[in-house]
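This briefing is for a reader new to the structure. It covers charged pairs, the nonpolar core and a surface patch.

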Amino acid sequence: MTAQPRTDAGLAAEPAAYWTGVAYEALIAFTRARQAELGFTQPAYWLLRNLSEHDLSPDGHGMTLAELRQAMSTYLRPEDDLAAEAETLLERGWLTRDGDGRLWITPAGDEARATLKRHAPAIRDRIHQGIPDADYVTTVKVLQRMIRNTGGAAR
């Protein structure tokens, strides 16, 4: 697909899977590039979030890499190396590892997580620039309908 259709009818005939795939790759690349500029990776941030009782962890208990992979299975990418990311966070003092191989977030790691989280609105704002919330909501609802129409589960 080298040229975009010039009419709404032409655009309506375009395959949704193509455009959702292009959008996914562009949004992930943009988000990860902004995070890299700030000195962290998306998978490292996810590790911190999943281990923090102030974020995604229901109880703040440590988790093994296998448990973390399972918790993140719906959004990890094939190239994401959680073991390497965890090692970096251990070196920074943002995680510790117990004798059972469970990773635990440290107070410094939770502080870093909170600092990193403060950058998310700016990244979102850039992605949503020029898109009214109503248009975004409509787009999400259309995508959810397409998911349901094809037998998928939309939240």
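**Salt bridges and nonpolar groups**

Arginine 113 is buried, with a relative accessible area of 6%; buried means under 20% relative accessible area, exposed over 50% and partly exposed in between (1.4 Å probe, protein chains only). This is a predicted model, in which local features need pLDDT of at least 70 and side-chain atom pairs count only at pLDDT 80 or more, while totals for chains, interfaces and linings use all residues. Residues are numbered from 1 along each chain as its sequence is written, and side-chain values use heavy atoms, leaving out hydrogens and water.

**Salt bridges**

- The whole structure holds eleven salt bridges, each being a side-chain nitrogen of Lys or Arg within 4 Å of a carboxyl oxygen of Asp or Glu.
- Arginine 113 pairs with aspartate 55 in a salt bridge (3.2 Å, N to O).
- This pair links distant parts of the chain, 58 residues apart: aspartate 55 sits in the loop between α3 and α4, and arginine 113 in helix α6. Helices (H or I, at least four residues) and strands (E, at least two) are DSSP runs, numbered from the N terminus.
- Aspartate 55 is also buried, at 18% relative accessible area.
- A network of salt bridges links Arg49, Asp55, Asp110, Arg113 and Lys117.
- Glutamate 87 forms a salt bridge with arginine 97, with the closest N and O atoms 3.0 Å apart.
- Glutamate 87 lies in helix α5 and arginine 97 in strand β1 (residues 95–97), so this pair ties together parts that are ten residues apart in sequence.
- Glutamate 87 is partly exposed at 34%, and arginine 97 is partly exposed at 41%.
- In helix α2 (residues 16–37), glutamate 37 and arginine 34 are three residues apart, so about one helical turn separates them. Their side chains meet in a salt bridge (2.8 Å, N to O).
- Glutamate 37 is exposed at 58%, whereas arginine 34 is partly exposed at 22%.

**Nonpolar core**

- The largest nonpolar core has 19 residues, and Leu47, Leu68, Leu89, Leu95 and Leu103 have the most contacts inside it. Such a core is a set of buried Ala, Val, Leu, Ile, Met, Phe, Trp, Tyr and Cys residues joined through side-chain atoms within 4.5 Å.
- At least two core residues come from each of α3 (42–51), α4 (65–71), α5 (82–92) and α6 (107–117).
- Helix α3 supplies the largest share, six residues.

**Helix α8**

- Leucine 143 lies in helix α8 (residues 133–149) and is partly exposed, with a relative accessible area of 33%.
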